[in-house]
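Subject: Structure handover

Hi,

Here is the structure I said I would pass on.

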Amino acid sequence: MMVALDGTVVAIANPVIQNDLGASPADIQWVTSGYLLALAVFLITAGKIGDRFGHKTTFLVGAAGFAATSAAIGFATNIQTVIAFRVLQGLFGALLQPAALGLLRGAFPIEKLNMAIGIWAGVIGASTAAGPIVGGLLVEHVSWQSVFFINIPVGLAALALGLWILRDVRAENAAKSFDVPGIALLSAAMFMLVWGIIKAPTWGWADSSTLLFLGGAVLALIGFAFWQTRVKEPLIPLSLFRSVPLSAGTLLMILMAFAFFGAIFFVTFYLQNVHGMTPVQAGVHLLPMTGMMIVGAPAAGAAIGKVGPRIPIVVGMLLTTTAMYGMSTLDTGSGTGVMSLWFVLMGLGISPVMVGATEVIVGNAPLELSGVAGGLQQAAMQVGGSLGTAVLGAVMASKVSSVLPGNLADVGQTLPPGAAGEGLKQAAQLGITPPMPPGTPAQAVQGLSSAIHHSFVSGMSMAFAVAAVVAFAAAVLGLLTKRGTTDAGPAVHI
């Protein structure tokens, strides 16, 4: 709950942090990017740490560290301190997440794992739903620091309950050493991949810097794969991917995150900048989707227990495809009813995919690699979400740039030349109407706002259409999934 809540509340707090600490746009980007990079780079290694030293200890260290770094951020007086502790927070979050899945994998037999993961996903859904509302209320009525301080009681509760309730489970044949060269190669690859994806919209996809980072990531991954065949105890045994369901589940998670997180990124701008809602109001309007995720995840776990993951995953991705297509038809005047319909379908569709794909990945891995499998699941989601946001953002930017001049002409205005025109395009990509000089006629202001909003919606529609195609591809891939069959084998209960 703590990590999922943090992912949404910080986005709401960022503008206030920027004003309060006098941060530059680049600095405030690092508040988010530093956390995401640390998380993505360290997830699989953190899973290996859990497999080696026990998931209970790893989980508790992650929970305590996440709460402690949250407190440090709340007390920070400059942006550099905020960024430094956000990176540390990402490292502790990486310890926490795979360990949670490793604990579930060790505590439940395969036939009951889906229900446990369903409850786990329901908690994530509830936290995601609460994030914009809680974050908006805290930022508006308390302070941006309170967004981080809220993690302290949650972390302390997790620590206390974890010490009391959790039972550590370790496989007897777990690796006894660390593949340090493998960790270095994989970490370098993940850093270059995620950083290249994050910066591509700014640099340009064909820019030499983008190609350098993405190409370096490919070379590092090739080197990592080669090294894994030579080392005695590899970080990720490549034999793990001989399981077709596990490989399909990992790719499915990437595609699902690409479509969902990439497309939903634009919904908040649509609600706030086109419909003029506050962050809290936007969070309330998203409740139909997140509410369905809360209800749907445990229900999906029960369904998967009866019929296996394949049918729920395929049906879920088809529902998601329908929802994406439906959201591509939204316009500047769409009402709450039609938006809620597509949000409900989205929540119902994502739930069985989140639960099923996670169960397929973690359940098809042996117990001694459950932490690595949990890290793989989380890393796939991070990479897919980052890639979706960047690629769909580029699709949207291209569409907005192409239709904005025509929309301006329709209201009797023209795109300014040079930097002013580029600034107007960038504002339109977020649905923002920039301020006009005092004394500008109301009709001209209204015309500019209409042109920008229509351009934004055109771009958003194109992004959702692409997301619908990706979601359909994920539905086809879901046909290759099946329930985990790996025997837990001998284990030591501590």
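Start with helix 3 (residues 55-74) and helix 7 (residues 151-165). They pack at an angle of about 160°, and their axes are 8 Å apart. Angles over 145 degrees count as roughly antiparallel, so helix 3 is roughly antiparallel to helix 7. The crossing of these two helices is left-handed. Please keep in mind that this is a predicted model.

Who touches whom here? On the helix 3 side, the contact residues are Lys56, Leu60, Ala63, Ala64, Phe66, Ala67, Ser70 and Ala71. Helix 7 answers with Asn151, Ile152, Gly155, Ala158, Leu159, Gly162 and Leu163. By class, this contact holds 10 nonpolar, 4 polar and 1 charged residues.

Next pair: helix 10 (residues 244-274) and helix 13 (residues 310-327). Their packing angle is about 25°, with 12 Å between the axes. Angles under 35 degrees count as roughly parallel, so helix 10 runs roughly parallel to helix 13. Helix 10 and helix 13 also cross in a left-handed way.

From helix 10, the contact takes in Leu252, Met256, Ala259, Phe260, Ala263 and Val267. From helix 13 come Ile313, Met317, Met324 and Met327. The class count for helix 10 against helix 13 is 10 nonpolar, with no polar and no charged residues.

The angle is about 105°, and the axes lie 10 Å apart. The range for roughly perpendicular is 65 to 115 degrees, so helix 15 is roughly perpendicular to helix 16.

In helix 15, Val400, Ser401, Leu404 and Leu408 make the contact. Their partners in helix 16 are Leu424, Lys425 and Ala428. That contact divides into 5 nonpolar, 1 polar and 1 charged residues.

Which helices supply the lining of the second largest pocket? Helix 8 (180-203), helix 9 (208-228), helix 10 and helix 15 each give at least two residues. Helix 15 has the largest share, with 5 residues. By class, the lining has 16 nonpolar residues, 1 polar and no charged ones.

Best wishes

Methods:
Residues numbered from 1 in each chain as written. Predicted model: local features only at pLDDT ≥ 70, side-chain atom pairs only at ≥ 80, totals over all residues. Heavy atoms only, no water. Axes fitted to C-alpha atoms, helices over the stretch in contact; angles between N-to-C directions. Helix = DSSP H or I, 4+ residues; strand = E, 2+ residues; numbered from the N terminus. Left-handed = near helix turned anticlockwise from the far one by under 90°. Contact = heavy atoms within 4.5 Å. Nonpolar A, V, L, I, M, F, W, Y, C, P; charged D, E, K, R; others polar.
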